[in-house]
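Please keep the sequence and the model in view while reading.

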Amino acid sequence: MTDQPSRRPRKTGKPYRRPKKDPVRILAFEALRAVDERDAYANLVLPALLRKAREDHPDTFEARDAALATELVYGTLRRQGTYDAIIAACVDRPLREVDPPVLDVLSLGAHQLLGTRIPSHAAVSATVELARVVLGDGRAKFVNAVLRRITADDLDGWLERVAPPYDEDPEDHLAVVHSHPRWVVSALWDSLGGPRAGIEDLLEADNERPEVTLVARPGRTTSDTLLDGLGPDRALPGRWSPYAVRLTEGGEPGAIDAVREGDAGVQDEGSQLVALALADAPLEGSDSRWLDACAGPGGKAALLAGLAAQRGATLLASEKQPHRAGLVAKALDGNPGPYQVIAADGTRPPWRPGSFDRVLVDVPCTGLGALRRRPEARWRRRPEDLDGFAPLQRALLRTALESVRVGGVVAYATCSPHLAETRAVVDDVLKREGGAELLDARPLMLGVPALGEGPDVQLWPHLHGTDAMYLALLRRTA
């Protein structure tokens, strides 16, 4: 009888393990997909996702989970350009050939590895689990391989590898290191002027989480009342505006009673300064009719309405888009003085020329001054967008000057520091139309430093802690 070979045990694979669903990272992934697929803004889509998460997981989704989800979304969007350059060095194909959902998962993983204190092993493990849930096991293996390559170095080490040397290409170096499109770096540097240190400070400020600032609406509450209600552990006075209160901790501003009741609103201090400068500009003669010609969504209009009421003046708030006019009406609801909200085109207004004493025209723009709050805008905007805004901005300023009486004041404002949207517009309208003169806006921002040579004003995140608001004051002379 011949010996039979011994029977070896059959190799068996590991039993299938169902991927763990992590509500925080799934939420962050859904937010990034909404930004990418629907051109949604994170500051609008994220609160709704957080509310749903709290409803779906009332016993387990905590404040720290909401904080982590917020950091993952905003941190990934702010650093998208940097992470794209690093991921590109770790894959064997052009990034355009990587499916967008896969790239979103990789970017979330890269941010955890390079932009947070989450341990590397935990960041990789959690991101691969996320990939298994939202992408499937096959693509999760690809995610795992790429992330393990990223763990080979820290952020500084990767930047030395993927960013071109500053001496060879300053703008491209800054674009990769500080995660801004090259054309945005160039435009901001042109507007800011000065050496490398200044532009780097500005780009770094764009990547920092901004403070949440409230405005105490005149006639309804005061900043002191807000501060007393919130307490010193939750709020500080504004730096420049007497109506500003800065929140020192996270949380939902809408949960604050004064905000929920409309006595206060969420408003960057730069926007407050623009409205206050118009209200305080010296004026001879009547001062009874004010106009906000591009009033949506209503923050500046609410502040102006309160100030007008204290002086016995009335405010007309005009907004072209009906749904945004509805937001203005909601913001002004309960104002102590007379006001009116209408849906009207500011370039073809229903009011007569010379009807107003003070006019604010905060024109539509690229929004490059608010990249701290809307980081995705830097990737969404294109240089050609400037050509689309230019005719509208000039038309709105011309109509604003026609709408104010002789001797009255117009405030031209943008939330963009791009020279094509600021001084170029003002200079062009003054040159072509005449009948107006620039006023020095700097004395109307008392105590605010580094306002430049004037007469216009450009605020900056790194110098003033505000959005990069621009303001030019013009008095009609004929």
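Contact here means heavy atoms within 4.5 Å. Helices (H or I, at least four residues) and strands (E, at least two) are DSSP runs, numbered from the N terminus, and axes are lines fitted to C-alpha atoms, for helices over the stretch in contact, with angles running from 0 to 180 degrees between N-to-C directions. The model is predicted: local features need pLDDT of at least 70 and side-chain atom pairs count only at pLDDT 80 or more, while totals for chains, interfaces and linings use all residues. Residues are numbered from 1 along each chain as its sequence is written, and side-chain values use heavy atoms, with hydrogens and water left out.

The sheet is open and antiparallel, with four strands in the order 2-3-1-4. Strand 2 (235-237) and strand 4 (264-266) each have a single partner strand, so one side of each is left without a neighbour in the sheet. From one strand to the next, the twist averages 30°. Two strands pair if DSSP finds at least two bridges between them; strand 1 (residues 212-216) and strand 4 are joined in the antiparallel sense over three bridges. L214 has V266 in strand 4 as its bridge partner.

Two helices accompany this sheet. Helix 12 (residues 223-230) packs on it, touching strand 1, strand 2, strand 3 (244-247) and strand 4, and makes about 25° with the direction of strand 3. Helix 14 (residues 269-280) lies across strand 1 and strand 3, at about 30° to strand 1.

Elsewhere, helix 1 (residues 23-38) and helix 6 (residues 120-134) cross at roughly 65°, their axes coming within 10 Å. R25, I26 and F29 of helix 1 meet A126, L130, V133 and V134 of helix 6.

Burial is defined as under 20% relative accessible area (1.4 Å probe, protein chains only). In helix 11 (residues 196-206), the buried residues are G198, I199, E200, L202, L203, A205 and D206. Their cover includes helix 3 (63-78), helix 9 (170-178), helix 10 (182-192), helix 17 (377-380) and helix 20 (461-464).

Finally, N335 is found in the loop between helix 16 (322-332) and strand 7 (339-343). Is this residue, N335, buried or exposed? With a relative accessible area of 11%, N335 is buried. Leaving aside neighbours within four places in sequence, N335 is in contact with R220, A302, A305, G306 and A309. The side chain of N335 reaches the backbone nitrogen of G306 at 3.3 Å.

Conventions:
Buried means under 20% relative accessible area, exposed over 50%, partly exposed in between (1.4 Å probe, protein chains only). A polar contact is a pair of N or O atoms within 3.5 Å; within protein, one must be able to donate a hydrogen and the other to accept it, and residues adjacent in sequence count only if both atoms are side-chain atoms.
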